[in-house]
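Please read these notes alongside the model. They are meant for a colleague who has not looked at it before.

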Amino acid sequence: MSAAAQRHHEEEEEVEELDGGPTRIQKLEEFGISSGDVAKLASAGYHTIEAVAFTPKKALLLIKGISEAKADKILAEAAKLVPMGFTTATEFHQRRSELINISTGSQELDKLLGGGIETGSITEIFGEFRTGKTQLCHTLAVICQLPFDLGGGEGKCLYIDTEGTFRPERLLSIAERYNINGEEVLDNVAYARAYHTDHQKSLLSTAAAMMAESRYSLLIVDSATALYRTDYSGRGELSARQMHLAQFLRMLARLADEFGVAVVITNQVVAQVDGAASMFNADPRKPIGGNIMAHSSTTRLYLRKGRGETRICKIYDSPSLPESEAVFAILPDGIGDAKE
């Protein structure tokens, strides 16, 4: 590498760290951790110092060649580089004010969500079939690539598809609406089809490696729960299913924390068939995944059908948004506002 190229590479790394992005795991070598141990961490799926700092010690001990003494030293060095103590609410408020929201394509929906889909957290979209969950995912996959001032996240998109409903031609028609090059849009979407729950979970380790290499602003899992309904059946496997689902959702939350990406997951619904529930509740449908799903998602959005192409989005659960509704439409060029 020439001196100029080396200087440019160092400048790029400095900019990345100044931007508040995650720190590459290789930086631990400067703090007395051997390159062999760093390589072991990377091969186990830890590509940033944040990933190590957010991991319990027992998880590091499972890595072949990492002893208890090494794990203690690695965690101690990581803790020096990643602020994990108390901070004032003022500082935290300042950090939250810098968060980017990714537009949904509908002004009404953006208004309901306080600007769009929040980065750095998990947004769950649930509803029955044909309510626009996958259409919203496709629209977000394009909008996340736009500049910040146009409601985008200036980053690429990772799309994990468990139901085989991803359609690149849909992205092209949405790209046309925003006057951006269709080929570039497709190049900026990394797509993977998940075939079983273990595969779905292992794809997140690959996603972490890709996010450490390049800027991504959105991670979509459509749908997060479909494979769990078929891979685990009956009450006998309920505990194992919920434990596996909890680990998958924890990995998603870690990616959101570590890389500041917006995580959007879709969920299916189940009809409550007990008489009492349907007698007092006008809508007997509820999201699957139980309490584990409910506690893992930061914001939960419930979609239901309206007239024609219109759909209604209700804030089902959110730490900061009031419970209210907005009407949007599924248009030929993605999600938009309903025409009067």
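Is Glu-154 buried, exposed or partly exposed?

1. Glu-154 is partly exposed, because its relative accessible area is 38%; buried means under 20%, exposed over 50%, and partly exposed in between, with a 1.4 Å probe and protein chains only. This residue sits in the loop between α8 and β4. Its phi is positive, about 50°, although Glu-154 is not a glycine. Helices (H or I, at least four residues) and strands (E, at least two) are DSSP runs, numbered from the N terminus.

2. On the source: this is a predicted model, in which local features need pLDDT of at least 70 and side-chain atom pairs count only at pLDDT 80 or more, while totals for chains, interfaces and linings use all residues. Residues are numbered from 1 along each chain as its sequence is written, and side-chain values use heavy atoms, with hydrogens and water left out.

3. Arg-130 also has a positive phi, about 65°, and is not a glycine. It belongs to the loop between β3 and α8 (133-143). With a relative accessible area of 53%, Arg-130 is exposed.

4. The sheet is open and has nine strands, in the order β5-β4-β6-β7-β3-β10-β11-β12-β13, with mixed pairing; two strands pair if DSSP finds at least two bridges between them. β5 (189-193) and β13 (334-337) are the edge strands, each with a single partner, so one side of each has no neighbour in the sheet. From one strand to the next the twist averages 25°. In general, strands of a sheet pair through backbone hydrogen bonds, either parallel or antiparallel.

5. Strand β7 covers residues 262-267, and six of its six residues are buried. Ala-262, Val-264 and Thr-266 point one way from the strand, while Val-263, Ile-265 and Asn-267 point the other way. Strand β3 (residues 122-126) runs parallel to β7 and is joined to it by five bridges. On that side, Thr-123 stands opposite Val-264. Strand β6 (residues 216-222) also pairs with β7 in the parallel sense, over four bridges. Leu-218 has Ala-262 as its bridge partner in β7, and Val-221 has Ile-265.

6. Which residues does Thr-162 touch, leaving aside those up to four places away in sequence? They are Arg-193, Ala-194, Gln-200, Asp-222, Ser-223, Ala-226 and Leu-227, where contact means heavy atoms within 4.5 Å. Thr-162 lies in the loop between β4 (156-161) and α9 (168-177). It counts as buried because its relative accessibility is 5%. Ala-226 is 64 residues from Thr-162 in sequence, yet the two C-alpha atoms are 6.8 Å apart.

7. The side chain of Thr-162 reaches the backbone oxygen of Ser-223 at 2.8 Å. This is a polar contact, meaning a pair of N or O atoms within 3.5 Å; within protein, one must be able to donate a hydrogen and the other to accept it, and residues adjacent in sequence count only if both atoms are side-chain atoms. Ser-223 is in the loop between β6 and α12 (226-231). The peptide bond joining Asp-222 and Ser-223 is cis, with omega about 0°.

8. How do helices α11 and α13 lie against each other? The axes of α11 (residues 197-213) and α13 (residues 238-259) come within 10 Å and cross at roughly 10°. Axes are lines fitted to C-alpha atoms, for helices over the stretch in contact, and angles run from 0 to 180 degrees between N-to-C directions. The two helices are therefore roughly parallel; angles under 35 degrees count as roughly parallel, over 145 as roughly antiparallel, 65 to 115 as roughly perpendicular and the rest as oblique. By class, their contact has ten nonpolar, five polar and two charged residues. Here Ala, Val, Leu, Ile, Met, Phe, Trp, Tyr, Cys and Pro count as nonpolar, Asp, Glu, Lys and Arg as charged, and the others, Gly among them, as polar. Residues of α11 in this contact include Leu-204, Ala-208 and Met-211, and those of α13 include Phe-248, Leu-252 and Phe-259.

9. Gln-242 is another residue of α13. It counts as buried because its relative accessibility is 14%. Leaving aside residues up to four places away in sequence, Gln-242 touches Gly-289, Gly-290 and Ile-292.

10. Helix α9 lies across β5, β12 (325-331) and β13, and runs at about 40° to β13.
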